[in-house]
Amino acid sequence: MAGPGTPAIALLSKRKIAHSTHTYDVSPDAPNYGALVATALGVTPERVFKSLVTEVDGGLTVAVVPVTGELDLKALAAAAGGKRATMADRTTAERATGYVRGGISPLGQRRRLPTVIDASALAHSTVYVSAGRRGLQVAIDPLDLIALCAARTISITHNKSKPAPQ
C-alpha cells in the first residue's frame, strides 16, 4: 500500500477496530531492541509484544510474546498441538507473512498463520505490536488482537532474567 498504510492497518480499518499507530526510530539490529522500542514509545516494556515466526512440527506458527520475556519453544509446541518448535528462518518468515524482519505483524499477513499469543497480553488494556513496517507499532485491545488472529492464548514465555525451565 502507498503511504503509511500497511496490510495490518488496512485490516484494522476495514474491520473498524479501535487502534492507534505510533512511530519510533530504533535500529532493528540494536541490542535490547524491544526495550528501546518501549522507551521510544513511552510505554512499559511489558505492553510491547514481538511477533516471532516459528515452525511447529514442520508447519509455520506465529508466537506473539512480550519483549520482556523469551519464547518458550516447548510451551509453544504444546499450545500449537505439536511436539517440537524451532524458530523459522528469516527468509521463510518474510515470505510467509509478506513483512520484513523487524516489521512482522501478527495482523494482515500474506497467508494467515496459526497464532499463539502469550497470556500476559490479557493483563493490559492495550498492547503494542508491529503495524507491519519497521518503526511503526499499533496499540490495540488484546481481545481484538486475539479475535483478529483467531489466536490461542496461553503462557508461552519465560522471563529473561530467570533461567529457562529445564
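Colleague: Leaving aside neighbours within four places in sequence, which residues is Y128 in contact with?

Modeller: First, a heads-up: this is a predicted model, where local features need pLDDT of at least 70 and side-chain atom pairs count only at pLDDT 80 or more, while totals for chains, interfaces and linings use all residues. Residues are numbered from 1 along each chain as its sequence is written, and side-chain values use heavy atoms, with hydrogens and water left out. Contact means heavy atoms within 4.5 Å. By that rule, the contacts of Y128 are H22, L41, V43, R47, V48, F49, Q137, V138 and A139.

Colleague: Is Y128 buried or exposed?

Modeller: Y128 has its place in strand β7; strands (E, at least two residues) and helices (H or I, at least four) are DSSP runs numbered from the N terminus. We call a residue buried under 20% relative accessible area, exposed over 50% and partly exposed in between, using a 1.4 Å probe and protein chains only. Y128 comes out at 8%, so it's buried.

Colleague: How many bridges join β7 to β8?

Modeller: β8 covers residues 136-140 and runs antiparallel to β7. The number of bridges joining β7 and β8 is five.

Colleague: Which residue does R101 meet in a salt bridge?

Modeller: Side chains of opposite charge can pair when their charged atoms come close. For a salt bridge, a side-chain nitrogen of Lys or Arg must be within 4 Å of a carboxyl oxygen of Asp or Glu. R101 sits in the loop between α4 (90-97) and β6 (115-118), and its partner, 72 residues apart, is in the loop between β1 and α2 (33-41). At 2.7 Å, N to O, that partner is D29.

Colleague: And how far apart are the closest N and O atoms of R90 and E94?

Modeller: R90 and E94 both lie in helix α4, four residues apart, or about one turn of the helix. R90 is partly exposed, at 43% relative accessibility. The two form a salt bridge, with their closest N and O atoms separated by 3.2 Å.

Key. Pairing = 2+ DSSP bridges.
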